[in-house]
Amino acid sequence: PPSTISNRTAFHFQAFKNWINDPNGPMYYNGVYHLFYQFNPKQPIWGNIIWAHSVSKDLINWKPLKPAIYPTGPFDINGCWSGSATILPGNKPAILYTGIDSDNRQVQNIAFPKNLSDPYLQDWVKPDYNPVISPDHGINSSAFRDPTTAWPGSDGRWRLVVGSRRDSQGMAILYSSEDFRTWRMEHNPLHVINGTGMWECPDFFPVSSKPFEGVDNSVHSNGLKHVFKVSLDVDRYEYYTIGTYDYARESYVPDGLSSDNNTGLRFDYGNFYASKTFYDGAKRRRILLGWSNESDSNQDDWAKGWAGIHTIPRALWLSKNGRQVVQWPVHEVKKLRHKHVAVYGKKLSPGDIFEIQGIQASQADVEVTFDASSSLENAEQFDPSWTNPQKLCSEKGEGTKGGVSFGLYVLATGDKRERTSVFFRIFKAKKRHVVLFCHDPTRSSFNSRLYKPIYGGFVDVEIQNHGKISLRSLIDHSVVESFAAGGKTCITSRVYPSFASGSNARLFAFNNGDGEVEISQLKAWEMRKPYINGI
Ligand code: DQQ
């Protein structure tokens, strides 16, 4: 069976119809959250790209407005691609975005609100002096896009970076400006890495070590850590590092401390791309938005009439040990919770599958803490050569019995022939245990035309100290967004159940391991449907 209307998400951001991709220029301005996004007004496939525009008071309900930025001049006549917003002194927003010009070159353009007293900033004007940044100095004009939010450097001049590559060297080219109009390329890029290919949608921002808090892009202070993220066109995943912004040298220096030897961590180990953060001045937090592409076929997208969603906005901060960021859905999403069920102290013996009944589990928020302390001795030996968590999840997929392995079946049918597995597998290494977190959609649907990748990430916790691990999953018809260990490892998957939809979708907890595992606590809420872009 093809994916159908029943697979449409209910509380995730999406367009009324047609194609959406990257979140663009998110900002909080005078009491309103603005979100722009890459949109094809005509079809449910990529093309004819403009900036659609929605506004919100709570990041959950979204009012659609008319498109904000669309081709109007030689500097963007072939498309208006991704970019960012900066709020200039005097409380004046500016947008910088990539235009595809009349020669099909990628150039950077600026746009300003026409009328600052319009609370929704519906009309945007593009000055005649566009483009403001062109691919000069030997820059590859088909690999030059996605300007970041700007920040003031130590000399007071504005800085921003544009994603690019020179041959296979990925780079974030640095520009500076006195007046936000005339931009000069700095001799040294902010950051480069050989062999990584085109850097799309770079993001660079200071990060707070206080849980749930954020720091504005303009803040300078000693010891303040920065995050640098890119979306890699070569593998379609995003990678970030934590490091220091050297103001004097105008360069970013990664710490080299991240658990994976600095080759890059991931905000999300699943279907998540072209993300962007912004500083929310109202609640003093940094918020991350990402695009989650469809993983059904084009044929299915034409039948559905829509493609692409954004993930639930997440607050993002630095973990206690400073080695990674932590993410958590914004608290506003809890407004959608209503009817709920709870389970306490439920023991799962090896092979047990336990149904959590009483809510409609196709549109739900589940928070669970598992206690595996009595089972840790059963953990399989970890082989240090297992450095690829995604591969490990595939090799030890959801059907693999033994060791320590437990989790949830979400979007499952009563007979469990359809199910998406969200699970942990715990291994014993030399000094500590290793926690692997996986999404396995292998059995998620009877539709044979789906892309069903298994995703995985390691979770940086000391489970041997207490045996407990928490999991939260936001389940919304065709998306499962999971947060392990309070948001240390996140995975998003798109799944299209043929039968486990609407009131037929069930929720189970399972134990595939050799020892007992307890559900210390589980709460599952049905979620209400907010108003999103007309639906
Ligand atoms: N999407 C935009 C580009 C960006 C890519 C085009 C990333 O600006 O590099 O729709 O998904």
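# Questions on a predicted model

The secondary structure of this predicted model comes to two helices and 37 strands.

Q: What percentage of the residues of the protein count as buried?
A: A residue is buried when its relative accessible area is under 20%. Of the 535 residues of the protein, the share that count as buried is 63%.

Q: Which residue meets D300 in a salt bridge?
A: D300 is buried, with a relative accessible area of 1%. Its side chain takes part in a salt bridge with an N to O distance of 2.7 Å. The partner, partly exposed at 35% relative accessible area, is R449.

Q: How many residues apart in sequence are the parts that D300 and R449 tie together?
A: D300 belongs to helix α1, residues 298–304. R449 sits in the loop between β31 (433–440) and β32 (455–459). The pair therefore ties together parts whose separation in sequence is 149 residues.

Q: Is D460, which meets R432 in a salt bridge, buried or exposed?
A: The side chains of R432 and D460 meet at 3.3 Å, N to O. This pair links distant parts of the chain, with R432 in the loop between β30 (420–428) and β31, and D460 in the loop between β32 and β33 (468–476). R432 has 30% relative accessibility and counts as partly exposed. The limit for buried is under 20%, and at 16% relative accessibility D460 counts as buried.

Q: What is the distance between the closest N and O atoms in the salt bridge of E462 with R432?
A: E462 lies in the loop between β32 and β33 and R432 in the loop between β30 and β31, so the pair ties together parts 30 residues apart in sequence. E462 counts as partly exposed, at 34% relative accessibility. The closest N and O atoms of this salt bridge are apart by 3.1 Å.

Q: How many salt bridges does a search of the whole structure find?
A: Some residues are linked in a network of salt bridges, as E294, D296, D301, K304 and R494 are. For the whole structure, the search finds a total of 37.

Q: Which strands each supply at least two residues of the shell around the ligand?
A: The ligand is surrounded by residues that include N21, D22, W81, S82, Y273 and A274. The shell divides into five nonpolar, three polar and four charged residues. The strands that each supply at least two of its residues are β1 (18–29), β5 (80–88) and β19 (273–280).

Q: What percentage of the ligand's accessible area does the protein cover?
A: On its own, the ligand has 310 Å² of accessible area. Among the residues that surround the ligand are W46, R145, D146, E200 and W291. The share of the area that the protein covers is 95%.

Methods:
Residues are numbered from 1 along each chain as its sequence is written. This is a predicted model: local features need pLDDT of at least 70, side-chain atom pairs count only at pLDDT 80 or more; totals for chains, interfaces and linings use all residues. Side-chain values use heavy atoms; hydrogens and water are left out. A salt bridge is a side-chain nitrogen of Lys or Arg within 4 Å of a carboxyl oxygen of Asp or Glu. Helices (H or I, at least four residues) and strands (E, at least two) are DSSP runs, numbered from the N terminus. Buried means under 20% relative accessible area, exposed over 50%, partly exposed in between (1.4 Å probe, protein chains only). A residue is near a molecule or strand if one of its heavy atoms lies within 4 Å of it. Accessible areas come from the Shrake-Rupley method with a 1.4 Å probe; for residues, only the protein chains shown count as cover. Ala, Val, Leu, Ile, Met, Phe, Trp, Tyr, Cys and Pro count as nonpolar, Asp, Glu, Lys and Arg as charged, and the others, Gly among them, as polar.
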